[in-house]
Amino acid sequence: MSVSYGRLDYGTSPWQRIDLYGPAEEETEAETAAAAGAGPGFAVPVVLVHGGFWRHDRTAQDMEPLASALVARGHRVAAVEYRPSWDGGAWPAAADDCRAALRALEHRDAGWAGATLVGHSVGGHLVLASISGNADGANVVLLAPVADIAEAARLGVGGGAVRDFLAAHLTAGGSHDQATPDPDPADLRSLTVVAAEHDQAVPHGLTAHQLERWAERGLPLTSVTVPDARHMHLVNPERQACRTVVLPLLAGGTSNTEE
């Protein structure tokens, strides 16, 4: 299936954009409804939020291979770009950007309201920050997430990334906990966490801490660890971890896989 490309701006910064991917073929009215996820059996739209430790070691463009692979499975895909910490995106601005991007998508097309939300690395932090308190019952998939800011800082995850991201917030008397999303069960229909066995960016201790915290919160949690996988393998459709775990997981909208 060939891919069509689009762009949706949701703010005045050049960073505040959404890269759109979809089937290039002309669609009938019924096919358009299917692409929007209208009804059972149709491909649910997918929203991707990249990592890069809020400083853009990665960008939305790095999600294009995964987006194209999802389009080949019948999905419409939106890859959210947001301001990096060094250009206006320090906490809470990047989370505000992600929240604004989701609103912009839904305003453009109501079908995006039921999208599966996927966050890779710190993209997981931004996804959870965007849906916390909404009580909308979102389907969320987190790939090697860095979401608990206090624990990430304690473990030195990302070098000085947490310090840079929270610099102004901490100077103003804020805390790491205030920047850590704390969703309620009502915010989530499902929360699926995928870890990479040989993740060189996210330590197993952080993953275990986050899973324990979310389980204690009573979130609808499912987790899986992909053997022989590294951090970026989870978003690279050329890698087995993505082909055999992540793509089938997203194609189904939610996961039935257990750790």
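Which residues in α2 meet which residues in α8? The answer is given below, within an account of a predicted model.

## Contact between α2 and α8

On the α2 side, the residues are L66, A69 and L70, and in α8 they meet C242, L247 and L250. The contact of α2 with α8 divides into six nonpolar residues, with no polar and no charged ones.

Packed helices are described by the angle between their axes and the distance between the axes. Helix α2 spans residues 64-72 and helix α8 spans residues 240-251; their axes come within 11 Å and cross at roughly 60°. The arrangement of α2 is therefore oblique to α8. The crossing of the two helices, α2 and α8, is right-handed.

## The eight-stranded sheet

Eight strands form an open sheet with mixed pairing, in the order β1-β2-β4-β3-β5-β6-β7-β8. Strands β1 (3-9) and β8 (221-226) stand at the edges; each has a single partner strand, so one side of each is left without a neighbour in the sheet. On average, and with direction ignored, neighbouring strands of this sheet are turned by 20° against each other.

Within the sheet, β2 (residues 17-23) and β4 (residues 77-80) run antiparallel and are joined by four bridges. In this region, I18 stands opposite V80 in β4.

## Helix packing on the sheet

Helix α7 (residues 204-216) packs on the sheet, where it touches β6 (138-143), β7 (188-196) and β8. The direction of α7 makes about 165° with that of β7.

Methods. Residues are numbered from 1 along each chain as its sequence is written. This is a predicted model: local features need pLDDT of at least 70, side-chain atom pairs count only at pLDDT 80 or more; totals for chains, interfaces and linings use all residues. Side-chain values use heavy atoms; hydrogens and water are left out. Two strands pair if DSSP finds at least two bridges between them. Axes are lines fitted to C-alpha atoms, for helices over the stretch in contact, and angles run from 0 to 180 degrees between N-to-C directions. Contact means heavy atoms within 4.5 Å. Angles under 35 degrees count as roughly parallel, over 145 as roughly antiparallel, 65 to 115 as roughly perpendicular and the rest as oblique. A crossing is left-handed if the near helix is turned anticlockwise from the far one by less than a right angle, and right-handed if clockwise. Ala, Val, Leu, Ile, Met, Phe, Trp, Tyr, Cys and Pro count as nonpolar, Asp, Glu, Lys and Arg as charged, and the others, Gly among them, as polar.
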